[in-house]
Amino acid sequence: MTDILLIEDDERLGALVAHYLGKHGYRVAVEADGARAVQAILERAPALVLLDISLPGQDGFEICRAVRARYAGIICMLTARTDDIDQVLGLELGADDYITKPIEPRVLLARLRAHLRRDS
């Protein structure tokens with residue numbers, strides 16, 4: 001079973017995404033606090049990280065920057081921030097994808113599967 005770490009402070013959204021991905025064969029852990037995210041990523045070493053940008057404690061850009069050199073897995077930013085500058089920054093900091101909310105669950109699943117296929 002493939003491990004995914006979802007870093008999302010919206011408890012309802014985190015539960016929905018985790019449940020949906022879990023129904024499709026993924027083991028999903030959720031971390032809501034940006035301040036604990038770097039440690040969670042490095043300790044768990046999931047195949048894929050879904051990373052929100054607007055988090056308490058530390059934002060997703062800082063988290064991506066902090067882990068990219070030590071984490072070889074896939075990082076997909078999943079955020080409501082749609083500004084081109086944010087997208088460019090996220091990708092230049094090492095994210096593999098930048099996915100904007102809202103997104104249809106089937107589309108999110110297809111994108112994650114595509115990343116995981118390429119990485120295996």
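Let me start with Asp83, which caps the N-terminal end of helix α4, residues 84-92. One of the side-chain oxygens of Asp83 lies 2.8 Å from the backbone nitrogen of Ile85. Keep in mind that this is a predicted model. After α4 comes Gly94, and the phi of Gly94 is positive, near 120°.

Next, Asp97. This residue sits in strand β5, which covers residues 97-100. Is Asp97 buried or exposed? Its relative accessible area is 12%, and the cut-off for buried is under 20%, so Asp97 counts as buried.

What does the side chain of Asp97 make a polar contact with? The partner is the side chain of His115, at 3.0 Å. Leaving out residues up to four places away in sequence, Asp97 touches Ile75, Cys76, Met77, Leu91, Arg111 and His115. Leu91, in that list, falls within the residue range of α4, 84-92.

Now to the helix pair, α2 and α3. Helix α2 is residues 34-44 and helix α3 is residues 60-68; their axes come within 10 Å and cross at roughly 25°. Angles under 35 degrees count as roughly parallel, so α2 is roughly parallel to α3. The crossing of the two is right-handed.

Which residues make the contact? On the α2 side they are Gly34, Ala37, Val38, Ile41 and Leu42. On the α3 side they are Ile63, Ala66 and Val67. By type, the residues of this contact divide into seven nonpolar, one polar and no charged.

Terms used. Residues numbered from 1 in each chain as written. Predicted model: local features only at pLDDT ≥ 70, side-chain atom pairs only at ≥ 80, totals over all residues. Heavy atoms only, no water. Polar contact = N/O pair within 3.5 Å; in protein donor to acceptor, adjacent residues only side chain to side chain. Helix = DSSP H or I, 4+ residues; strand = E, 2+ residues; numbered from the N terminus. Buried < 20%, exposed > 50% of the residue type's maximum accessible area, 1.4 Å probe, protein only. Contact = heavy atoms within 4.5 Å. Axes fitted to C-alpha atoms, helices over the stretch in contact; angles between N-to-C directions. Parallel < 35°, antiparallel > 145°, perpendicular 65-115°, else oblique. Left-handed = near helix turned anticlockwise from the far one by under 90°. Nonpolar A, V, L, I, M, F, W, Y, C, P; charged D, E, K, R; others polar.
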